Amino acid sequence: MGGIQVRGLAKRFGTRPAVEGLTFDVLPGEVFGLLGPNGAGKTTTVRMLTGLLQPSEGEATVGGHSIRTGGEALRGAVGLLTEQPGLYDRLTARENLRFFMKMHELNEAAAWPRVQSYLERFGLAGRENDACGGFSKGMRQKLAIVRTLVHDPQVIFLDEPTSGLDPESARVVRDAVAELATEGRTIVLCSHNLGEVERLCSRVAVIQGRLLALAPLGELRRAGQSLEVRVEGEAERFRPVVMALPFKPNVLSEGGKLRVLLTEESQAPEVLACLVNAGARVLSAIPAHRPLEEVYLELIRQGRV
Ligand SMILES: Nc1ncnc2c1ncn2[C@@H]1O[C@H](COP(=O)(O)OP(=O)(O)OP(=O)(O)O)[C@@H](O)[C@H]1O
């Protein structure tokens with residue numbers, strides 16, 4: 001079975017839990033976001049899922065291999081881009097890539113055309129024989145991505161893949177990530193760049209030592225849907241009547257505007273009817289989505305309580 005299946009995964013360092021009770025699946029062809037604040041346990045989780053760290057509890061299967069017993073087969077099935085590119089400065093780009101080909105026991109002649117196509121795609125063609133020490137931060141990052149793909153992995157873990165890249169290079173990398181997924185690979189993206197997560201991921205897990213949320217991105221964004229109503233005069237005087245609606249919405253007011261948080265779109269007409277009944281002159285009503293960032297921060301705040 002491809003993809004990733006995680007069941008009750010936990011890691012303790014000494015007696016301190018880093019993550020616990022993680023259970024989720026990632027499907028082949030999916031770009032899955034793994035989100036959480038600094039120290040939430042993302043790197044620990046990724047290290048367990050790539051066979052670099054033994055879990056304290058639980059089990060997971062990645063690309064059909066157990067993370068406890070998968071050994072070389074697991075390492076061959078996964079590609080890992082860590083936050084530190086980890087290239088050898090004194091070696092050329094080609095030598096760096098050759099080194100990783102050897103580590104994966106690849107036939108260089110057979111693997112090089114694929115590698116070359118990524119080098120071209122990421123604008124590194126022609127720089128193969130230059131030492132990495134002279135590469136810019138962005139070039140190193142792009143070479144590290146190529147290295148992650150050297151052995152044609154089925155499951156790819158990317159930690160902040162566009163960190164340090166200019167907007168154009170970031171776009172090229174994002175397009176490549178989307179394409180890798182359409183080829184049926186499983187992609188796990190760890191990123192603090194929520195705009196990027198919104199663009200690439202179909203589902204996300206938000207973790208902070210444990211799973212705070214696991215949802216399709218659209219659902220998380222729907223959780224943040226609201227109605228912004230502009231009324232004549234001060235909006236504050238209508239806040240209590242709206243808050244008293246049977247579904248008890250959260251209502252904010254500012255000047256002539258009310259912002260009513262909804263759990264379903266069908267609540268919007270009730271809000272408007274209630275305002276009109278209370279004598280409000282409604283100038284406009286606009287459905288709005290809270291950005292993913294706001295929903296995410298709220299989840300983290302709730303998780304901390
Ligand atoms: N080797 C280790 N020994 C002891 N504690 C560790 C070790 N690795 C991680 N931790 C602890 O586990 C917790 C989770 O760390 P982790 O690096 O997985 O977080 P993260 O979500 O990747 O954070 P960031 O976004 O900052 O990279 C932290 O409290 C960290 O101090």
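Into which domains is the protein chain divided? In this predicted model, domain 1 covers residues 4-220 and domain 2 covers 224-289. Taken over C-alpha atoms, the centres of domain 1 and domain 2 are 44 Å apart.

Turn next to the nonpolar cores. The largest has 58 residues. Within this core, V62, V146, F157, I187 and L189 have the most contacts. Take I187 and set aside its neighbours within four places in sequence: I187 is then in contact with V31, F32, I156, L158, V177, L180 and A181.

Now the ligand. Its surroundings include F13, A18, G36 and N38. The run G39, A40, G41, K42, T43 and T44 also belongs to the shell. Helix α1, residues 42-49, supplies three residues, the largest share of that shell. Sorted by class, the shell has six polar residues, three nonpolar and one charged.

V115, Y118 and L119 are buried in α4. An α-helix has 3.6 residues a turn, so residues three or four places apart point the same way. Just after α4 comes G123, with a positive phi of about 70°.

How values were computed:
Residues numbered from 1 in each chain as written. Predicted model: local features only at pLDDT ≥ 70, side-chain atom pairs only at ≥ 80, totals over all residues. Near = placed C-beta within 6 Å. Helix = DSSP H or I, 4+ residues; strand = E, 2+ residues; numbered from the N terminus. Nonpolar A, V, L, I, M, F, W, Y, C, P; charged D, E, K, R; others polar. Core = buried A, V, L, I, M, F, W, Y, C linked by C-beta atoms within 7 Å. Buried ≥ 20, exposed ≤ 12 C-beta atoms within 10 Å, placed from the backbone. Contact = placed C-beta atoms within 7 Å. Domains from an automatic or database assignment.
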